[in-house]
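Hi,

Here is the structure I promised to pass on. Have a look at it first, and my notes on what turned up follow below.

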Amino acid sequence: MFTGIIEALGTLRKIDRKGDDIRLTVASGKLDLTDVKLGDSIATNGVCLTVVERLGDGYIADISAETVALTGFSHYQVGQKVNLEKAVTPTTRLGGHMVSGHVDGIAKVEQCAYRGKALEFWLSTPAQLSRYIAHKGSITIDGVSLTVNEVDGHRFRLTIVPHTAGETTLVHLKVGDSVNIEVDLIARYLERLMQPEAHHAQPSSGVTMELLAKSGFLR
């Protein structure tokens, strides 16, 4: 689990393509790896990757064909910068929102411009993902936790404050670029609970549609 608060910018040092899979070597920049061991997770541009080898100044991770198909890794290049975040611990500040690192798909930058000192983006996303995106809801773009400022059909607007832009790869985005997108985790679980087939069996936890309605989640 992650928060979407980026800790460092890394650099893709090596990309080994093995059939449909990829083995990635990442130079971790200022990310502190002293507490990272084999098997730990590091979100790399929003994708939860397992460390299979520790280097002095980076790590190696494998990316499956399914992950490659759902993310931008298929067209990443050596030397490209990526946003990095280590997995949360019990004492981590939850400054962003709950991020799983399981990317849902790709969004495309349609417009970008400065509004004052902030960067403003309009992005479009496939119809099957747009239903999860809500005004003032949370979304993860290339691993960065952001607030949706406006929704228009399959398009949505983001405003990036100068600090976030300067500490992440978002400052380099331009029209036509694709980004990894992870929709809000809670929205996906609520959708599953609302599906008719999910009503046949009573959840062992005691969570029911009636309870959700009373709590205000389904208003």
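A polar contact here is a pair of N or O atoms within 3.5 Å; within protein, one must be able to donate a hydrogen and the other to accept it, and residues adjacent in sequence count only if both atoms are side-chain atoms. With that in hand, the side chain of Asp177 reaches the backbone nitrogen of Lys174 at 3.0 Å.

Some housekeeping before the rest. This is a predicted model, where local features need pLDDT of at least 70, side-chain atom pairs count only at pLDDT 80 or more, and totals for chains, interfaces and linings use all residues. Numbering runs from 1 along each chain as its sequence is written, and side-chain values use heavy atoms, with hydrogens and water left out.

Back to Asp177: you'll find this residue in the loop between helix H3 (162–167) and strand S12 (178–182); helices (H or I, at least four residues) and strands (E, at least two) are DSSP runs, numbered from the N terminus. Asp177 is buried, with a relative accessible area of 18%, where buried means under 20%, exposed over 50% and partly exposed in between (1.4 Å probe, protein chains only). Leaving aside neighbours within four places in sequence, Asp177 is in contact (heavy atoms within 4.5 Å) with Ala107, Lys108, Val109 and His172.

A polar atom of the Asn149 side chain lies 3.0 Å from the backbone nitrogen of Thr159. Not counting residues up to four places away in sequence, Asn149 touches His135, Lys136, Arg157, Leu158 and Thr159.

Now the rings. The structure holds 1 aromatic pair (ring centres of Phe, Tyr or Trp, the last by its six-membered ring, within 6.5 Å; planes under 30 degrees apart are stacked, over 60 edge-to-face, the rest tilted). The centres of the Phe73 and Tyr76 rings are 4.6 Å apart and their planes are at 55°, so the pair counts as tilted. Phe73 and Tyr76 are both buried. Elsewhere, the charged end of Arg155 sits over the ring of Trp122, 4.4 Å from its centre (the cut-offs are NZ of Lys or CZ of Arg within 6 Å of the ring centre and within 35 degrees of the ring normal).

As for the whole chain, there are 5 helices and 12 strands, and buried residues make up 42% of the 219 residues. Of the contacts with a separation of 6 or more, 67% are between residues 24 or more positions apart.

Cheers
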